Amino acid sequence: MPHIAIIGAGITGVTTAYELIKKGFEVTVFEKNLYPAMETSFANGGQLSACNAEVWNQKSTIAKGIKWMSQKDAPLLLNPSFNMHKYAWLLEFLNQIKNYEGNTIETVRLALESRKHMFAIADQEGFDFNLEKKGILHFYHTEQDFGVAKNVNTLLKKGGLERYAVTPEEIKSIEPTLTGDYFGGFFTPDDATGDIHKFTRGLANVCEKRGVKFCFAANVLNIKPALDRVEIQYHQQQTQNMPNEDTITAVFDGVVICGGVNSYYLGEQLGDKVNIYPVKGYSITVNLNDERSVKNAPWVSLLDESAKIVTSRLGADRFRVAGTAEFNGYNKDIRNDRIQPLVDWVNKNFDIATDSVVSWAGLRPMMPNMMPKVQRSKQARVFYNTGHGHLGFTLSAATAVMISHEIQMALAA
């Protein structure tokens, strides 16, 4: 069978490896880190959320970004400093406003398909990743926000999503630990949550047992496609287990680029336009170290629309809270003025201790149309499965199936 290289061992790379090895391909995964899921797949919000599939391409998103430019703790923060990549991306983002409805409906359908595949993987492979099938509850603080949400809900339902409105009383019934006052909400009973890092590492172990080779600490330097082969040049970092620092050339029958925000540069090298921009997100993991906190942290996943904050319960003793979108290049610094609003939000909405909090920041690989890039390159034997933005956990199980079919058809032709 053909030998396929995958660049990137995050959620998209590992799910792609899983689908390809099941089809009988030989698979090698290149990853610059020493382990899978050490970048954007490390500590995201944990939601498998078809209900959060609305794309961001609206004039109101840009208006909010401009309004919040000087507010360091704003949910959306745009650094106005000039950068050609950033402003070219923003122009293309604006041009996609006309496709807002169609892209939202398509993302919902993709998310529902992915959820089905994700649950099947969980059932078949049996490893633990703190999967909770307790639904996702959106809540809104004002009548105006709730009114906008009604229109969005109509659109989501066109994509096949089962989601219904709930009263303030029903919100407290669905998740009794909430302590705030809310105007109303929407509940999606079939959405779920889990630990993306544990899922990706667990599935990587499954892949390895099935024969996938993982090449860690490997920086891909060059991809040279030809009609009958793909050459990959990479540099192996020196570690205790891998003492050589040589540049190595390996030959494959095809390559799938699943490189997150680095896919932009790999695409540029190949002459492909992969207009991914890094949109930074932050999370905190609250360690529930006392009986009161364990009891009062929510099990139902939440989304506070006004604060753009999502939550997931990761087992008995961890509570993940994530949010914010920051357009500030490839900087991964963890800023306290972006973390503190997440801590404050927890203290406002729950009676739990926040004295033990782990902070994290990661770069979401965003395409201007908010849709993942799942397709062949114009170069022979090169494929893309990347650009999933804030929905990597939600969409990857489906896009892995899609690109594996594409590869199978292409190499059989």
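Leaving aside its neighbours within four places in sequence, with which residues is Thr107 in contact? In this predicted model, Thr107 is in contact with Ala53, Val55, Met371, Leu391 and Leu395. Thr107 has its place in helix 4. Its relative accessibility is 1%, and because buried means under 20%, Thr107 counts as buried.

The largest nonpolar core has 37 residues, of which Val27, Phe199, Leu203, Phe214 and Val256 touch the most other members. At least two residues of this core are supplied by each of strand 1 (3-7), helix 1 (11-22), strand 2 (26-30), helix 4 (100-125), helix 7 (196-210) and helix 11 (392-412). A second, separate core comprises 31 residues, including Leu78, Tyr100, Met370 and Leu395. Leu395 is also one of the residues in contact with Thr107.

Residues up to four places away in sequence not being counted, Leu203 touches Val14, Thr15, Tyr18, Ile121 and Phe127.

Helix 1 and helix 7 have axes that come within 9 Å and cross at roughly 30°. Angles under 35 degrees count as roughly parallel, and the two helices are therefore roughly parallel to each other. Their crossing is left-handed. On the side of helix 1, the residues that meet helix 7 are Ile11, Val14, Thr15, Ala17, Tyr18, Ile21 and Lys22; helix 7 contributes Ile196, Phe199, Thr200, Leu203, Ala204, Val206, Cys207 and Arg210. Eleven residues of this contact are nonpolar, two are polar and two are charged.

Terms used: Residues are numbered from 1 along each chain as its sequence is written. This is a predicted model: local features need pLDDT of at least 70, side-chain atom pairs count only at pLDDT 80 or more; totals for chains, interfaces and linings use all residues. Side-chain values use heavy atoms; hydrogens and water are left out. A nonpolar core is a set of buried Ala, Val, Leu, Ile, Met, Phe, Trp, Tyr and Cys residues joined through side-chain atoms within 4.5 Å. Buried means under 20% relative accessible area, exposed over 50%, partly exposed in between (1.4 Å probe, protein chains only). Helices (H or I, at least four residues) and strands (E, at least two) are DSSP runs, numbered from the N terminus. Contact means heavy atoms within 4.5 Å. Axes are lines fitted to C-alpha atoms, for helices over the stretch in contact, and angles run from 0 to 180 degrees between N-to-C directions. Angles under 35 degrees count as roughly parallel, over 145 as roughly antiparallel, 65 to 115 as roughly perpendicular and the rest as oblique. A crossing is left-handed if the near helix is turned anticlockwise from the far one by less than a right angle, and right-handed if clockwise. Ala, Val, Leu, Ile, Met, Phe, Trp, Tyr, Cys and Pro count as nonpolar, Asp, Glu, Lys and Arg as charged, and the others, Gly among them, as polar.
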